[in-house]
Amino acid sequence: MSNALTVSAAALGLSVSISLGLGFCVLNAQATPPAAAPTSPSSAVAPPLAPPPPFTPSFAVEPPAASALDADAMARPLAQSEVKRMLINPFGEIDGLRLADGTIVKFPPHLADELLRIAQPGQTVRIVGRLDAPGIVKADAIINIATAQTVYDQPPAAGAARPLPPHLRAQKLQEQRVEGYIDKVLVDRRGEANGVILTDGSIARFSPDTVPVTLRPGEPFAAAGLGTRNGYGTSLEVISIGTRLSALQPLYNRAP
């Protein structure tokens, strides 16, 4: 009896194994996709073309991440001309350029050293930035056309020494007097006069709405005030003004 049970169990196991094997074969046959029909050469899909290499302008250099410029702005510079002279503020710091085509370029004085490294009088530069007023540009980037060197407007580096407050910086200013003829009238973003550049390069600055007369290029101009005279010229904050030094009038009323 036990032998019969053993034979039956063995037969049963063989039957299960055969069934499972057949089932696996059936599943494999169902899971395997049919072979793709061969395609004729005329119906084959061509491989995609490689993308063209990116275009890089000849003057482009890699800008600092903190001051990356919009590509459209780089493609539309506002001015390109020879540097005529460096401009200074009453503290003697370089804060811009005067170009040969008459454009005034404004740039932060804390970047004066970087500006001097890439641009000097007589060199041609391209200016990218914003128009503050007719003929006056606030530069975002200044590019030397010959060398492709570029300086970007960006905040002072972390840890850089802080400038002295205005009332302490003013202690270093000295009395300055200028006289000559107006070459360029400087204006703010509202179009109000806030300074002049004389034909000898001297710069006189004042607050808008303080000069009682209309200033025009070619007219005589004289002023006295506090400022700086250095190798880049003379710049002062006006205290008294007139058409000649012998006839100056105070710009501010000191009466109580």
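How many helices and strands are there in the chain? There are 4 helices and 12 strands, where helices (H or I, at least four residues) and strands (E, at least two) are DSSP runs numbered from the N terminus.

The model is predicted, so that local features need pLDDT of at least 70 and side-chain atom pairs count only at pLDDT 80 or more, whereas totals for chains, interfaces and linings use all residues. Residues are numbered from 1 along each chain as its sequence is written, and side-chain values use heavy atoms, with hydrogens and water left out.

**Figure 1. The chain as a whole.** The chain has 256 residues, of which 34% are buried; buried means under 20% relative accessible area, exposed over 50%, and partly exposed in between (1.4 Å probe, protein chains only). Of the contacts between residues at least 6 apart in sequence, 53% join residues at least 24 apart, a contact being heavy atoms within 4.5 Å.

**Figure 2. The surroundings of Asn89.** Asn89 occupies the loop that runs between strand E1 (79–88) and strand E2 (94–99). With a relative accessible area of 10%, Asn89 is buried. Its side chain forms a polar contact of 2.9 Å with the side chain of Glu93. A polar contact is a pair of N or O atoms within 3.5 Å; within protein, one must be able to donate a hydrogen and the other to accept it, and residues adjacent in sequence count only if both atoms are side-chain atoms. When residues up to four places away in sequence are not counted, Asn89 touches Asp95, Pro109, Arg205 and Ser235.

Figure 3. Arg169 belongs to helix H4 (residues 166–169) and counts as buried at 19% relative accessibility. Arg169 and Phe91 are separated by 78 residues in sequence, yet by 7.6 Å in space, C-alpha to C-alpha. Apart from neighbours within four places in sequence, Arg169 is in contact with Phe91, Glu93 and Leu164. The largest pocket has a volume of about 500 Å³. Its lining comprises 20 residues, of which Glu93, Pro109, His110, Pro163 and Arg169 lie nearest the centre. On a 1 Å grid over the protein atoms alone, a pocket is an open set of points where a 1.4 Å probe fits, with protein on both sides within 12 Å along at least five of seven lines; lining residues have an atom within 4 Å of a point. Grid points are joined across faces, edges and corners, and a volume is the space filled by probe spheres set on the points. The lining divides into 11 nonpolar, 3 polar and 6 charged residues. Here Ala, Val, Leu, Ile, Met, Phe, Trp, Tyr, Cys and Pro count as nonpolar, Asp, Glu, Lys and Arg as charged, and the others, Gly among them, as polar.

**Figure 4. The second largest pocket.** This pocket has a volume of about 350 Å³. Among its 18 lining residues, Asp95, Lys106, Leu186, Asn194 and Arg205 lie nearest the centre. At least two lining residues come from each of E2, strand E3 (104–106), strand E7 (174–187), strand E8 (193–198) and E9. The most is given by E3, with 3 residues. By class, the lining contains 10 nonpolar, 4 polar and 4 charged residues.

**Figure 5. Gln176 in strand E7.** Gln176 is placed in strand E7 and counts as buried at 6% relative accessibility. The side chains of Gln176 and Arg229 make a polar contact (3.4 Å). Beyond residues up to four places away in sequence, Gln176 touches Ala223, Ala224, Gly225, Gly227, Thr228, Arg229, Thr234 and Leu236.

**Figure 6. Two loop residues with positive phi.** Most residues other than glycine have a negative phi. Ala148, in the loop between strand E5 (136–144) and strand E6 (150–152), has a positive phi near 65°. Ala148 is buried, with a relative accessible area of 17%. Asp209, for which phi is positive and near 70°, is found in the loop between strand E9 (203–205) and strand E10 (220–230). Asp209 is exposed, with a relative accessible area of 65%.
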